[in-house]
Amino acid sequence: MSHTNTPVVEIKAAVKHYRTPEGQAVRALDGVDLSVGANEFVTLLGPSGCGKTTLLRAISGFEQLDSGSLIIQGQPMNDVPPYQRPVNTVFQSYALFPHLSVGDNVGYALEVRGVPRKERDTRVGEALEMVGMGGLQKRKPGLLSGGQQQRVALARAIVNRPALLLLDEPLSALDRHLRQSMQRELKKLQSELGIAFVFVTHDQEEALTMSDRIVVLNGGHVQQIGRPEAIYDRPANAFVAGFIGESNLFKARVSVVDDQHAELVSDVGDTLRVRRGELQLNQQVQVLLRPEQFHLDCPGSSDSHAWLEGVVEQTVFVGKDFEVSMRTPQGSQVKAVVRDAARQALQRLHAGETLRLWYASQAAHVLAGGAR
Amino acid sequence: MMRRLGQNLLSGYSLLFFVFLYLPIGLIFVYSFNGNPLNMMIWGGFSLDWYRSIFGMANSLADNVQYIESTDQLLGSLRTSLSVALITALISTVIGTLTALALARFRFRLQGFYRMLLFMPMMMPDVVLGISLLIFFVNIGIPLGKVSIIIGHCSFLVSYVFIVVSARLAGMDTRLEEASADLGANPWYTFRRITLPMILPGVIGGALLSFIISMDDLVITYFISGVDSTTLPVYIYGMIRRGIKPEINAIATLLILASLLIAAVGLYLRNRQPAALKAEDSHGS
C-alpha cells in the first residue's frame with residue numbers, strides 16, 4: 001500500500017497545552033503520533049475540542065507544539081514558519097481575499113513565488129478548471145455563492161501542488177446535498193492530484209465515506225487509527241463505538257465458555273452470546289451490537305446465532321429501513337434497523353408487541369474492559 | 001387629522017433644527033461676497049474682492065480699508081495651519097496605524113493597560129493637555145514654534161487614528177493573514193498585499209480626521225504656539241479683540257468647500273469598498 005512508503009508527515013509524541021482565561025491548563029494534544037503517507041486521504045475525526053484542529057494547525061505552522069517532533073517530507077518543521085512549509089490549507093471560512101479577483105486569489109501562491117504572469121494565468125486556469133470553476137477569473141469572491149467560494153479556496157490551495165493539503169472542516173458550511181457531491185469531488189480530486197490530504201471533520205459519515213484512514217481523537221488522545229471499515233466494525237473502545245455509527249453497548253461478564261462460544265451476562269441481566277476468542281470465565285468486557293446486525297428471523301443455524309427478546313417501544317419508517325426501539329425485560333434499550341424485506345412482518349413491529357431480535361454470535365464485537 | 005398635525009409639527013421642527021445648524025455657515029458664505037468695506041455685517045453689494053485679496057491680487061476694496069492686521073499675517077497663519085496639519089496627519093497616521101496593528105495582532109503583557117493609555121488623550125480636557133504640553137516643552141527646552149505644535153498635535157491625534165484603524169482591524173478576518181502565510185507569503189508581503197489594502201479605508205479616514213482636527217484645534221495650540229508660528233484658529237481668536245478682517249469670511253468659505261471635498265472623497269472611498277466588506281461578512285462563522 002502506498003502509505004507504507006516514506007511518509008509525507010510524521011508526528012511523534014506531539015503535546016500542546018492551552019491556558020484557559022481562568023488559568024487552567026488544557027491539554028489539546030497529549031502525546032499524539034501520526035504519520036500520513038504519500039497520496040493518502042487521512043481524516044481527523046472527533047467531537048469539538050478533541051484536538052483535531054490543533055493538530056491540523058500544528059502541521060500548517062499556526063500552532064507551536066510544546067514538545068514532540070513534526071517532520072514533513074523528511075525535514076524537521078517544528079521551527080519553520082508557516083510560509084516556508086510545503087503545505088497548503090483550505091480554511092473552514094474559506095478565507096478568500098475579498099479585495100482580489102478570483103484569478104488573483106487562486107494565483108496568490110504563484111505570485112508570491114514570482115512566477116511570471118503568463119505561466120501563472122495558465123496554471124490558475126488549470127486549477128479553476130479542475131474544480132469546475134473555469135472562466136470565473138475576473139469575479140470578486142464576494143459575488144460567489146458559498147459552494148463556489150469553497151471551490152475557489154480549493155483551487156487556491158492546490159495551484160502550487162503542495163506536498164500535503166490540509167482541509168479544516170471545509171464542507172461544514174454547505175447544505176447537505178452540496179456537501180455530498182463535494183465529498184465525491186474531493187475524493188476524485190485527491191486521486192487525480194496524487195497529493196496527501198489531511199481532512200478535519202466532526203461528521204462521522206463524512207469521515208467514513210471519504211477516508212483511506214481515520215484518526216479518531218478525543219481529549220487530545222488518539223483513540224484509534226484505522227481504515228473506515230475497521231473502525232466501524234472493530235472499534236477499539238467504547239468512545240469510538242459510540243462516536244461512530246449507532247451502537248448497542250452492553251457491559252457484561254463472561255459466565256459460560258465452550259470451544260467456540262462464550263455466554264455473557266450484562267450488568268442488568270441480559271444474556272448475550274459471542275465468539276469465544278480469547279475470553280476467559282468471569283472476564284469483564286463490553287459487547288457491541290450494531291443496529292443493522294439484527295434480524296427478525298434466525299438467518300442460519302441456531303447454534304451460531306443468538307437473540308434478545310423484549311417489547312417494542314417504537315418503530316419508525318425512515319425509507320428503505322425500519323428503526324425499531326425495543327426494551328428487554330431487564331430494562332436495556334436495544335436499537336435495531338430492519339430492512340424492507342421484513343415489511344410482511346410489519347405487525348410484529350407494532351409498539352407493545354413482544355419481539356425477538358436475532359444476531360450472529362460472531363458479529364458481536366467484544367471490547368476490552370468495562371470502564372466507560 | 002391629529003396624525004397629520006403631528007407630522008407637520010415634526011417636519012417643521014426638523015426644518016428649524018437644520019436652519020439653526022446651517023444658517024451661521026450660510027451667512028459666512030454670503031458675507032464673503034459682501035462689498036461693504038467698513039462693516040462686514042451690513043450688505044454693500046456683491047464683490048469678489050475679498051477672494052482677490054487673499055490670493056494677493058490688487059483690488060480696490062481691501063486697499064481702501066485700513067485694518068490693524070495685514071492680509072499677509074492672515075495668509076501666513078493659514079500656511080502654518082496647513083503645513084502643521086499635513087505633517088501631523090502624516091506622522092500620527094503612521095504611528096497610530098502601527099500601534100493599532102501591534103495591539104491587534106500580538107499578545108503581550110499589560111496590553112489592556114496600553115489600550116487604556118491610548119484612549120486617555122481623547123478624554124483629557126484640552127486645557128489640561130495644553131498646559132501640560134507647555135510645561136513639558138519649556139522644561140526640556142524645546143522652543144515653542146511649528147515643531148512644538150506638531151509634536152503636541154501628534155500626541156493626541158495618534159489616539160484618534162488608533163481608534164479608527166482598530167475598528168477596521170477588528171472587522172477583518174485574521175484567517176486572511178493566515179491564508180496568505182499558508183500560501184507562502186512572508187509577513188511583510190502579507191502586510192503589503194492583504195492587511196494594508198483591507199484596512200486602507202480606515203487609514204485614510206484616520207488621516208483625514210487628524211488633518212481636520214489639527215487644522216481646527218484652538219485650545220491646545222493656543223498654549224504651545226510661539227510668537228511667529230500662529231495657526232489660523234489662534235490668529236482668528238486673537239483678531240476678535242482687534243477687529244475682524246472681512247477676508248476671514250472668504251477664507252472660511254474656502255475651508256468649508258475644502259472640507260466638503262475631503263468628506264466627499266472619503267465617502268466615495270467608503271462606497272467603493274462594500275463588495276469587499278460584504279464578502280467578509282458572507283464568509284461567516
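Predicted model: local features only at pLDDT ≥ 70, side-chain atom pairs only at ≥ 80, totals over all residues.
Begin by selecting residues 111-123 of chain B, which form helix α5. From the first C-alpha to the last, α5(B) reaches 19 Å over its 13 residues, close to the 18 Å expected at 1.5 Å a residue. Colouring α5(B) by burial shows a helix that is hardly covered, since the count of buried residues among its 13 residues is zero.

Two packed helices are described by the angle between their axes and the distance between the axes. To see the contact itself, show the side chains of Leu118(B), Phe119(B), Pro121(B) and Met122(B) in α5(B), which meet Ser155(B), Phe156(B), Ser159(B), Tyr160(B) and Phe162(B) in α7(B). By class, this contact has seven nonpolar and two polar residues, and no charged ones.

Now move to chain A and select strand β1, residues 7-19, together with strand β4, residues 67-72. The two strands run antiparallel and are joined by five bridges, and Glu10(A) stands opposite Ile71(A) of β4(A).

In β5(A), the residue opposite Ile71(A) is Pro76(A). Finally, centre on the turn of the hairpin that β4(A) and β5(A) form with two residues between them, where Gln73(A) has a positive phi of about 50°.

How values were computed. Residues numbered from 1 in each chain as written. Chains lettered and ligands numbered in written order. Axes fitted to C-alpha atoms, helices over the stretch in contact; angles between N-to-C directions. Helix = DSSP H or I, 4+ residues; strand = E, 2+ residues; numbered from the N terminus. Contact = placed C-beta atoms within 7 Å. Nonpolar A, V, L, I, M, F, W, Y, C, P; charged D, E, K, R; others polar. Expected span 1.5 Å × (residues − 1). Buried ≥ 20, exposed ≤ 12 C-beta atoms within 10 Å, placed from the backbone. Pairing = 2+ DSSP bridges.
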